Amino acid sequence: MENRKSKQYEAVRWIMMFSIGVTVGLVGLFVDFFVRLFTNIKFSVVADSVERCSDKGCLVLSLLELLAFNMTFIFIAGVLVLIEPLAGGSGIPEIKSYLNGVKIPGVVRLRTFLCKATGVVFSVAGGLFVGKEGPMIHSGAIVGAGLPQFQSITFKRIKLNFPFFRSDRDKRDFVSGGAAAGVAAAFGAPIGGTLFSLEEGSSFWNQALTWKVLFCSMSAAFTLNFFRSGISFNRWGAFQLPGLLNFGEFKCPEGDKDCHLWTVVDLAFFILMGIVGGLMGALFNCLNKILAKYRVKHIHPKAKFIRVLESLLVTMVTTLVIFTASMLLGECRDLPSFNSTVLSDREDINSTIRQFFCSNSTYNDMATLFFNPQEAAIHQLFHQQGTFSPVSLLLFQLLYFLLAFWTYGVGVPSGLFVPSLLCGAAFGRLVANILKVKLGFDIYSGTFALIGAAAFLGGVVRMTISLTVILIESTNEITYGLPIMITLMVAKWTGDFFNKGIYDMHIQLRGVPLLEWETEAELDRLTASELMEPSLTYVYPHTRVQSLVSILRTTAHHAFPVVTENRQNEKDFMKGNILVSNNIRFRKCSVMTRAAEQRRRCQSMKSYPSSELRNVCDEQSAAAEPSEEREDLLQQMLDRRHAPYPALYPDQSPSEEWTMEERFRPLTFHGLILRSQLVTLLIRGVCYAETQSSASQPRLSYEEMTEDYPRYPDIHDLDLALLNPRMIVDVTPYMNPCPYTVSPHTRTSQVFNLFRTMGLRHLPVVNAVGEIVGIMTRHDLTHEQLTAKLRQHHITI
């Protein structure tokens, strides 16, 4: 029966991964269709106006038309972010934090998804230097989180009785698949999406999940490819457009036998470009961090509509720069010969050439880059065989760099991949122009544009493995693997010398307790006893309703240790007090169970040939002879009072009248119970009266305990007037009796790895005799907290 249920569970998991992939692919289709629709309408109207006004001198009217389009689109995007603030930005820092084990309220809600997917359409169509790839990753993660739940907080009527996947672990697995599917849909890179979810997102991974996430990514990539190819070319099933961002095919002109995409000699230039890309990325991150701090301090505390006004200001400046640079700063260059590389929608690269104020045989190079969708500009830099003016490329890169770092962080859905690729591609094409035209090197300009794009993007986001595979899959050219990998490694090393990646930087600015992959070696000087919080808020195995309500309403903790006190005069306490008697009996039962286990181990040790083991066993057996109370050596150890533990100095005691000994009296640890579980028990009235046995308490099944997952009611919103505050709740059937625990002497690296690999939120610190001395959370392991503790440790020494 269990085997059949397990197979059914696994089959449903595969079906859900496929459904997530297909849904993400359809979301990508929706975003791509409307972005292209609005962008084509805007540029066709404004381009026709420019052509008409070139001779009539009414270019101001063309500028006003472009401003009207852009400001309207961005206003809509800004209002959507007002409705759901978490829809702003790329969403990658939030998803990275979520997969790292940090719960951010609302980050995977349906309302966030609707505002994100719709808002990115208008923010990209509005002419801002943003991309749709980052929001696609966030949207995919939301689909992964919500689709297997079959319920919604935004639309409360959407709530089906689906019994599967009611745990945080299952939800994180599906979020990993959704994020990977978002990358696959954005770049047509299912393998890169899987590696992205592994490298940048998930803290905890397993072999089975890898295969499922890859399947989900493949489903997303081929769903989007199927529909885009069918709609664009009316060739259903041809699979010609793999992702939202299509790099096209890199190939030499036909008949040119001396042409080569790259040679070994070029690797030296690629390394230098990686260094420059890392420096530019570090500068980009530094400027954006300063701007983000300014926004947090001066813009976010003000009225919400100020963020919309900021977005409109950025849009107005960007539009003025685009229009002015296209009209005044461009040079007329000879029309080049083109490869037959298809861009999309039956358009080849020739259709994106802009000839503003140039003759029929020439084109305006600055307008070709600025007055086009960003994907078309990237395509021009990758595949156009003509030459851009070095001055135009330099001005374009400088203007684009300044506007891009200003734009990232405004109150609209915005990605960073495409702007980074375009800025880096301009840098790479500038290097190719200098080497080819000025110095006479025989090189392929498109390769240098690609390497420049990889260098700058790697310097900004500091990704290596996944970004290498994403770019290889996007170019469909495996020979680019080595130069891309070397460039990204050099760019990351260079940028890491100055600051963190852009996503880690924004996570740090928001105060999210993100755990890195590993700790520094010197932090092993600290132990768990120095990192833990010694002042505990705990519950007893049998606790009154009024005590539980008071604890839940006066604290924000998500879990509570279940403990019993070790007292010398237990018999006096047990007289006439059913609550204390139940707790003491539970502790004695727990101790006797451990003692019985000890005896069984001892009996097995007698078969060992070592006389030392037999002597130890005989000594313990002699000491464990049952007395009048049938208590063995372990029971006597637990009854003995212990001196206050070192380094336990809470800011305030639970009661000012308690003595120091009472504040730190030994507490035997029995398990851990979650806040959500306690709230559920109170809502459902799971308790018993003092005059009754704890066996009379109602029992809830696992399905009943997780019925409200993932949004459990808040204790402050509940009306508990119907509950008798003197009733008692037995929490032992619902607590986790064997959570992960560590010794007070455990090193920091061991604690850190346990949190990182197992996705823990709480870690009790328990001594050798089973007494809890403190508890640790993720906040105790942040870099800032560990650094402060290490500094304090040095001062103490």
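Colleague: What makes a polar contact between the side chains of threonine 732 and aspartate 730?
Modeller: The two side chains come to 2.6 Å, and a polar contact is a pair of N or O atoms within 3.5 Å, where within protein one must be able to donate a hydrogen and the other to accept it, and residues adjacent in sequence count only if both atoms are side-chain atoms. The model is predicted, so local features need pLDDT of at least 70, side-chain atom pairs count only at pLDDT 80 or more, and totals for chains, interfaces and linings use all residues. Side-chain values use heavy atoms, with hydrogens and water left out, and residues are numbered from 1 along each chain as its sequence is written.

Colleague: Why is threonine 732 called buried?
Modeller: Its relative accessible area is 18%, and buried means under 20%, exposed over 50% and partly exposed in between, with a 1.4 Å probe and protein chains only. Threonine 732 is therefore buried.

Colleague: How many aromatic pairs are there?
Modeller: The count is 30, for Phe, Tyr and Trp (six-membered ring) rings with centres within 6.5 Å; planes under 30 degrees apart are stacked, over 60 edge-to-face, the rest tilted.

Colleague: Why is the pair of phenylalanine 247 and phenylalanine 382 called edge-to-face?
Modeller: The centres are 5.3 Å apart and the planes stand at 90 degrees, so the pair is edge-to-face. Both phenylalanine 247 and phenylalanine 382 are buried.
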